[in-house]
Amino acid sequence: MSKLYHFYPQQTWGCVMCGKCCGRDWPVPVDRDERTRIAAMDLPDVTTPKSKWFKKSFIAKKNGKCIFSTCDGKRCLIHAKYGLDVKALACRLYPLDIHAWEDGSVSASLRYDCPAVANGTESNISTAIVKIDQMADEIARYRRDPAPFYSQDIHPGLERLREIAGAYQDILNYSSIPLPQRFLGAAELLAFHKKKKNSPDILEAEDFAEDAVQLLARSVDNLEYMLEEATPAVHSTMIAFRYQLVSYLRNDNGLSLFSRLRRTKKHLDFMLGGGILEVGGKELTPLLPVLAAEKDAYEPYMRWLNGRLKSLHFCGGPAFGITFEEGMQYLLLSYPAVTVIASALAEGETITRKDIAAALIQLDYSFLRTKLYRSRSLRKGASALTTRELYPSLLKMCSSFSD
């Protein structure tokens, strides 16, 4: 195969037959050809009349489940009778997220809102290369994603952006220093290139990744000092961070206008320091509890993070057109966010790998998949929170318990 493939090979999954992907949280889009093909199938076990199999451009739901799922909602009637290859493209893709790019390359990542991915250890994404290739060809007939911009003023192209993303991967996987210092180092690199005098490096530096890692190694003592001297986050900082949490946990599916208005009030109360957010059946209070973490607890999160960086599924077409720079800000904030969410979900007194996986299921469902991320207020808040003045305070919440 002649295509270039970009994915993080350590991503794994193993289906647990939970049926969640057939439920209300996953709308299944279908195009005209798919609707015609599925409507022609003989499916006597489907109790819904054929005239109601589709609702606009989506497969219809009944009692919170896809109409083509079995009574227990854990198996697909189309799959059972005709096989995997005739299901809707969206169903065949899941939990893979695949994009075809304008240069002919293909990127793939896994969706961690699927419990099989967040907790899975069986199938490696590398084993799905044939499926990725087939799906990429099908996707390319409908769309090809253009190269994202680094920022509104800098357009280096796909190859260069992948090199830059690789540099951030190297920094965030620099295992000889604690996670908070790695994230602060990445934030410092992002801030360095925001300065006009340094921005040419994005286009011109010959060994961008090597230079970035060397800079991190030279800055270890300074990064440690910055974290030690960071003061507790002030009220305005926490409002902005809670706004990010709201966006990471937002779920718009199946909500009436009244429900959305009521939710907006609840979100505002939470952001301003009152009220709660419901997360996986638990309550997340504005106090944002943080717990100590067991060794290797963040391994699922690092797989998720590396998957995003390797595939570039945090900017451009895969993320509502936001720039590389903006996408990196959201990725940097995902670390304290997943820490807080995992702390709220934890059953014991420490964060476990299971808790991080559960937090990822909550966070990844809407992360960079809603137009809210393009809003000026959220982007402005993310930019401010990742500066030297504010980001160390957020990371200090994580610094005492990260391995």
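Hi everyone, let's start with a definition: rings of Phe, Tyr and Trp (for Trp, its six-membered ring) pair if their centres lie within 6.5 Å, and the pair is stacked with planes under 30 degrees apart, edge-to-face over 60, and tilted for the rest. What we have here is a predicted model, where local features need pLDDT of at least 70 and side-chain atom pairs count only at pLDDT 80 or more, while totals for chains, interfaces and linings use all residues. Residues are numbered from 1 along each chain as its sequence is written, and side-chain values use heavy atoms, leaving out hydrogens and water.

So, how many aromatic pairs does a search of the whole structure find? There are 15. Take Trp53 and Phe68: their ring centres are 5.1 Å apart and their planes are at 85°, so this pair is edge-to-face. Both residues are buried, meaning under 20% relative accessible area, with exposed being over 50% and partly exposed in between (1.4 Å probe, protein chains only).

Now please find Tyr248 and Tyr373. Their pair is stacked, at 6.2 Å centre to centre and 20° between the planes. Are these two buried or exposed? Tyr248 is buried, with a relative accessible area of 0%, and Tyr373 is buried too, at 1%. Both also belong to a cluster linked by ring pairs, together with Phe183, Tyr298, Tyr301, Trp304, Tyr330, Tyr335 and Phe367.

Last stop, a charge and a ring! The charged end of Arg162 sits over the ring of Trp101, 5.9 Å from its centre; "over" requires NZ of Lys or CZ of Arg within 6 Å of the ring centre and within 35 degrees of the ring normal.
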